[in-house]
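Visitor: I am new to this structure. Please take one part and look at it closely, then show me what lies around it.

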Amino acid sequence: MKSMNRFRTFVLGAATAALTAASVTAASAVEIEYWQYFFEARITAMEKLIENFEKANPDVTVKMTHFPYDSYRTKVAAAIPAGQGPDVVQLFYGWLNDYVEAKLIQPLPADAFPPEKIEAEFFPMVKAMRMGDNYWALPTAVRSLALFYNQRMFDDAGIDHPPTDLDELVEMAQKLTQKDGAGNLTAVGLTTGMTAQDHHWIREVLIRQYGGEPYLDDYKTVNYNNETGIEAFTFYNDLQAKHGVTKAAFMDEPQAAFKAGRAGMHIDGSFRIGALEGVRGLKWGVAELPAGPDGTRSNYASYWVNAITSKAEGEKLAAAVKFMEYLTSDEAMQIWLETVGELPAKPSAAMTEKNVNDPVYGPFIKGLEYARTTVFANESAQRQVMVDMMQRIELQGQPVAESVAQAATEEQKILDEYYKK
Amino acid sequence: MRRASGFARAPRHLEVWQRNGAMRFYHNLTISQKQIVWAWAFLALPVLFYVVIRFYPTANAFVLSFQEWNLLGARSFAGFDNYVRLYNDPVFWKVFRNTFMYLILGTPISLVLSFVIAYHLDKVRFMHGTIRALYFLPFMTSAVAMAWVWRWFYQPVPIGVFNNFLASFGFSQIQFLSSTTNALPSVLAPAIWAGLGFQVIIFMAGLRAIPQSYYEAARIDGVSSWTVLWEITIPLLKPTIVFLVVFSSIGFLRIFDQVYNMTTNNPGGPLNSTKPLVLLIYDTAFNGFNMGYAAAQTVVLFTILLIVSLIQLRILRDR
C-alpha cells in the first residue's frame with residue numbers, strides 16, 4: 001500500500017511537473033511577426049538583428065516576412081485589420097500619417113520610450129515621428145545627402161579640396177566643365193536634376209541657407225514664395241542658365257553622368273555609395289554639402305521606421321516593445337550601417353570616432369547633426385511641382401519669380417487636399 | 001389505368017433517376033434544350049472566371065470612383081467629388097489631349113506605313129521571309145527594353161546617337177525628349193515602329209485573301225494600277241482595315257510602357273507633354289494612393305475606349 005501511495009504521489013508529481021513545464025514552454029514561445037519590403041541587404045541585416053535579439057531574449061522568437069515593394073502597402077493594409085500579419089512593421093517615414101489615421105499602428109508606450117529620452121538620444125529630424133505626446137515609430141537607420149566629387153577631374157583642374165561654400169561650388173564647377181568645339185557640354189561641373197535629389201537640396205538646404213524656411217506650420221503651409229525662396233531658386237537656376245556649368249538631366253540621369261566620369265561633382269544620398277563602390281576607373285571622394293552665403297549648413301534626411309501594429313496585445317505587445325528596444329539600440333544601428341550602409345539614427349552610435357572619420361560615411365554622418373526631414377503629403381506629387389517649376393523656366397522662359405509663385409500655389413493645393421480630412 | 005401507367009413507365013434505371021427532381025426536369029427537355037444545358041455547363045468555368053476576374057473588379061472600380069480610399073483604412077463615399085475634381089483639373093485635360101494626340105497621330109501613320117510596306121513586300125520574292133521577319137522582330141521585343149534603347153538614342157551629346165551624328169556634321173542638336181513639342185512624337189515613333197510588324201503581317205494576310213481573278217479581270221480591261229489599288233485592293237481589305245483601326249486605336253489610347261520607360265525620371269514629362277491617361281491613373285493610384293480619384297479616371301478611360309470603338313465599328317461597317 002505504502003509503495004502504491006508513493007507511486008501515486010510520484011505520478012501526480014510528475015504530471016504536475018510536466019504540466020508546469022508545458023506551460024512554461026508555452027509562455028516562452030511568444031512569437032512575434034516582423035514585416036518589411038524586400039531589399040536584399042535589409043533582409044540580411046534584419047536576420048542578423050533577429051538572431052542577436054533571440055539570443056538575448058530566449059523567450060521570444062521573431063518571424064520575418066518580406067514582400068516586394070509594390071505590394072507591400074496593400075498587404076499591410078489588408079492583414080492588420082483582419083488581425084493577421086505583423087506585430088512590428090516597417091514603413092517609410094512619410095507614410096506615418098496614413099498609418100496612424102488608418103489605425104494600423106499604436107503609439108510606442110511612453111514608459112519604454114519616453115519622448116524626452118528619445119529627443120535627447122536621437123538626431124533631431126526623428127521629431128517628425130512624434131504626434132501629440134507620443135512617438136509612433138522610430139528608425140534604426142537614416143540617409144542623408146553629401147557631395148560626391150570626381151578626384152581625377154579635380155586633379156586635372158588643379159583643385160585640391162572640395163568646395164566649402166556655394167561660391168566655391170560655382171567657381172570649381174566652372175573649372176570642371178568641359179565643352180566640345182560647337183559648345184556642347186561633354187562634362188558638367190555639377191550635376192543637376194530635380195528628378196534626383198535636387199528637390200531635397202533646394203527645399204531643406206538652399207532655401208534655409210538663403211535665410212528662408214521652406215514650410216511653416218508643421219509642413220502644412222508652403223513658405224518659399226518670398227524673397228529668400230526666389231533667391232535660392234535663382235541660385236539653382238543660374239547654375240545652368242548663367243554659369244553654364246550644368247544641364248538638367250545631362251546624360252539622362254545625374255548619377256549616370258557621375259558614374260561615367262562626366263561630372264565633376266554630384267549631390268546624392270548615402271544609398272548611392274554601394275552603386276559607386278567598385279566602378280572601374282572612377283576615383284571619387286565625399287564631402288559635406290557646401291555651406292550657404294552666411295555659413296549656414298543644412299541637410300536633408302529620410303528614413304524608414306519601425307512601429308508596433310495595433311494588432312499586438314498582451315505578451316506579444318511586451319515582446320514587440322522589447323524587439324523595438326533592440327532595433328533602436330546602438331548595437332543594432334552599427335550592424336545596420338555595416339550591412340546596409342545606412343547611417344545610425346542616434347549620435348551615440350553615429351558619432352563614434354571610427355564612423356565620423358570614415359572617409360566615405362563621415363561627411364554623411366556629420367550632415368545628420370543639422371539635417372531636417374520634410375514631412376511630405378505626397379512626395380512624388382510634391383517633387384513633380386519642383387520639376388515642373390524648373391522646366392517652365394528652362395523650356396518656356398517663364399520668369400523665376402512667376403514660376404516659384406505658381407509652384408507654391410500648386411504645392412499648397414496638394415497639402416490642403418491631404419490635410420483637409 | 002394500370003395499362004396506361006405501365007405503358008408510360010420508363011426502364012428501371014431511368015425510373016430511379018426520375019425520382020430526383022432535377023433529373024426529371026432534365027429528362028423532360030428536348031434535345032436542343034439539352035444541348036443548351038450542356039453548353040452552359042461547359043461555359044460555367046469561363047463565365048465564373050470572367051465574373052470573378054473581370055466583372056467584379058470592373059464593377060468595384062465603378063463603385064470606387066464615387067468613394068475616397070487611400071488603400072489603408074476604410075472607404076468613404078464622396079458622391080461625384082472625384083468627377084468634379086477631374087473636370088476642374090487642368091492636368092487631366094492636358095492628358096486627355098495627349099491621349100488623343102497619340103491616337104490621331106499614331107493610328108493613321110502606323111496604318112499607312114504598314115499598308116505601304118505590306119503592299120510592296122507582297123510583291124517582293126527575294127528573301128521575302130527574312131524581310132518579313134525583320135519587320136516582325138520589333139513586335140516581339142519587350143517594349144521596356146526598346147523604350148530604354150530609344151531613350152538613349154534621343155539623348156543630347158555626348159551619349160545620344162542621333163545628336164552625336166548631328167554634332168559630328170556640325171549641326172545643332174535637336175532636343176527630343178526634353179522639349180515640350182518634340183517629346184510626344186519622339187515617344188510615339190518607337191511605339192509605331194514596334195507595332196508595325198504585326199500590322200504588316202495582318203495586311204499581307206488580307207492581301208493574299210483577295211482572289212487573283214479580280215486582278216486578272218482588271219488587267220484584261222487595261223485598268224491603271226492606281227485604279228486597281230483604289231477600286232479593288234482597298235475596298236476588299238476593308239475587314240482587315242476595320243480590325244487594325246480598332247485594334248491599334250485601343251493600343252494607342254492605352255499607351256503606357258513606352259511613355260513610362262522613356263520618361264521614368266519625370267513620368268509623362270516634360271511638363272506633362274507626353275503623359276497619357278493610363279500613366280495619370282497609375283500615378284494617382286500608386287504614387288498618390290488616391291484610389292477613388294484613380295478609379296474615376298479609369299471610368300473615363302473606359303468610356304472613351306468604348307465610344308471610340310463603337311464609332312469606328314459603325315463608320316467602317318459594311319453597308
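Guide: We begin with a helix in chain B. H12(B) is hardly covered: of its 12 residues, the number that are buried is zero. This is a predicted model. The helix covers residues 225–236 of chain B. How far apart are its end C-alpha atoms? They are 15 Å apart. At 1.5 Å a residue, the 12 residues should span 16 Å, so the two values agree.

Now take another helix of chain B. H16(B) covers residues 291–316, which makes 26 residues. From first C-alpha to last it reaches 37 Å. That is close to the 38 Å expected at 1.5 Å a residue. H16(B) does have buried residues. Among them are Met291(B), Gly292(B), Tyr293(B) and Ala294(B). Ala295(B), Ala296(B), Gln297(B), Thr298(B) and Val300(B) are buried too. What do the buried residues of H16(B) pack against? Their partners in chain B are helix H4 (31–64), strand E1 (67–68), helix H5 (81–87) and helix H15 (277–286).

Step back to the whole of chain B. Its domain 1 takes in 2–64, and its domain 2 takes in 84–316. The C-alpha centres of these two domains of chain B lie 47 Å apart.

Chain B also touches chain A. The contact takes 22 residues from chain B and 26 residues from chain A. On the side of chain B that touches chain A, 13 residues are polar, eight are nonpolar and one is charged.

Where they meet, 20 residues of domain 1 of chain A are in contact with 21 residues of domain 2 of chain A. Which elements give two or more residues to the domain 1 side of this contact? They are E7, E14, helix H16 (361–368) and strand E16 (371–372) of chain A. H16(A) gives the most, with five residues. By class, that side of domain 1 of chain A has 12 nonpolar, four polar and four charged residues.

E7(A) has several partner strands. Take strand E14 of chain A, residues 299–309. Five bridges join it to E7(A), and the two run antiparallel. Here Pro139(A) stands opposite Val305(A). Next comes strand E15 of chain A, residues 343–344. It runs antiparallel to E7(A), with two bridges. Ala141(A) faces Pro344(A) across this pair, standing opposite it.

Then there is strand E12 of chain A, residues 263–269. It pairs with E7(A) in the antiparallel sense over five bridges. Leu145(A) stands opposite Gly269(A) there. Strand E13 of chain A, residues 284–287, is also antiparallel to E7(A), over four bridges. In E13(A), Gly285(A) is the bridge partner of Tyr149(A).

Definitions and conventions:
Residues are numbered from 1 along each chain as its sequence is written. Chains are lettered from A and ligands numbered from 1 in the order in which they are written. This is a predicted model: local features need pLDDT of at least 70, side-chain atom pairs count only at pLDDT 80 or more; totals for chains, interfaces and linings use all residues. Two residues are in contact if their C-beta atoms, placed from the backbone, lie within 7 Å. Ala, Val, Leu, Ile, Met, Phe, Trp, Tyr, Cys and Pro count as nonpolar, Asp, Glu, Lys and Arg as charged, and the others, Gly among them, as polar. Two strands pair if DSSP finds at least two bridges between them. The expected span of a helix is 1.5 Å times one less than its number of residues. A residue is buried if 20 or more other C-beta atoms lie within 10 Å of its own, exposed if 12 or fewer, and partly exposed in between; C-beta atoms are placed from the backbone. Domain bounds come from an automatic or database domain assignment.
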